[in-house]
Amino acid sequence: MRNFNTIKDAFDRHYPACKSWNEYQLEDKFIKPILEALGFHYDVQESVKHAGKRSRPDYTLFLDQKTLDAAMRSKQRDEAKYGKWLCPSPMQKRGALIDTDGGAQNRPSAQIVRYLDATIKDWGIITNGRQWRLYFRNCQDRSLKYFEVDLERICSLNTSMNA
């Protein structure tokens with residue numbers, strides 16, 4: 001329950017104002033505290049190579065600090081680095097549409113599929129602050145199938161239940 005309270009506190013304090021924030025402000029004040037409350041350790045803007053091109057997911061998530069430290073020591077080789085990751089995670093500005101913003105190649109749901117292919121990781125998370133989606137690499141039609149949590153709705157329901 002403590003972790004949920006941390007998430008709820010971040011939501012109550014920052015979510016109403018964050019619509020006007022840029023992506024980096026949203027990450028710093030809202031996304032990072034939630035990732036930490038969920039127990040993740042992370043690195044930011046790590047380079048991913050796929051189909052001859054490099055891109056940078058906003059976060060690479062790790063289960064513990066020891067695994068993150070080991071990944072940081074192995075930055076010289078993509079294969080070693082990828083072996084340490086839990087999942088790549090692109091973040092979006094609040095209000096960004098995960099399925100349509102950015103055009104066919106750059107829409108966030110297509111990005112996460114490319115990151116999963118590049119890193120050969122089974123799981124990836126994407127969020128715009130409200131929607132938190134978990135994608136599975138080995139799923140058929142994986143850009144269209146995911147598990148989604150609507151943080152705004154959960155926090156609003158929790159508030160009304162406790163009133």
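These are my notebook entries on a predicted model of one protein.

I number residues from 1 along each chain as its sequence is written. Because the model is predicted, local features need pLDDT of at least 70 and side-chain atom pairs count only at pLDDT 80 or more, while totals for chains, interfaces and linings use all residues; side-chain values use heavy atoms, with hydrogens and water left out.

**Confidence.** I looked up pLDDT, the predictor's confidence in each residue from 0 to 100. The protein averages 76, and 70% of the residues score at least 70. Among its elements, helix α4 (residues 78-84) has the lowest mean, 52. β8 has the highest, 90.

**Overall count.** I found seven helices and eight strands. Helices (H or I, at least four residues) and strands (E, at least two) are DSSP runs, numbered from the N terminus. Of the 163 residues, 42% count as buried. Buried means under 20% relative accessible area, exposed over 50%, partly exposed in between (1.4 Å probe, protein chains only). I then checked contacts (heavy atoms within 4.5 Å). Of those with a separation of 6 or more, 54% join residues 24 or more positions apart.

**The sheet.** I traced an open sheet of three strands in the order β6-β7-β8, with antiparallel pairing. Two strands pair if DSSP finds at least two bridges between them. β6 (123-127) and β8 (147-150) are the edge strands, and each pairs on one side only. From one strand to the next, the twist averages 15 degrees.

I went through the pairs next. Five bridges link β6 to β7 (residues 131-136) in the antiparallel sense. Isoleucine 125 stands opposite leucine 134, and isoleucine 126 has arginine 133 as its bridge partner. β6 and β7 make a hairpin with three residues between them. In that turn, glycine 129 has a positive phi of about 100 degrees. β6 is mostly covered, as four of its five residues are buried.

**Helix α6.** I found α6 (residues 108-119) lying across β6 and β7, at about 155 degrees to β6. Axes are lines fitted to C-alpha atoms, for helices over the stretch in contact, and angles run from 0 to 180 degrees between N-to-C directions.

I checked its length. At 1.5 Å a residue, the twelve residues should span 16 Å, and the end C-alpha atoms are 16 Å apart, which agrees. The expected span is 1.5 Å times one less than the number of residues.

How many of the twelve residues of α6 are buried? Ten are, so the helix is largely enclosed by the rest of the structure. Among them are Pro108, Gln111, Tyr115 and Thr119. Alanine 118 is in this helix too. It counts as buried because its relative accessibility is 8%. After α6 comes isoleucine 120, whose phi is positive, near 55 degrees.

**Cores.** I looked for nonpolar cores: sets of buried Ala, Val, Leu, Ile, Met, Phe, Trp, Tyr and Cys residues joined through side-chain atoms within 4.5 Å. The largest has 20 residues. Those with the most contacts inside it are Phe30, Ile31, Ile34, Leu35, Leu61, Trp132 and Leu151. α1 (2-14), α2 (23-37), β4 (59-62) and α7 (151-162) each supply at least two residues. α2 gives the largest share, six residues.

Which residues does isoleucine 34 contact, leaving aside neighbours within four places in sequence? I listed Ile7, Ala10, Trp132 and Leu151.

A second, separate core has five residues, including Ile112, Val113, Leu116 and Ile126. Ile112, Val113 and Leu116 are also on my list of buried α6 residues.
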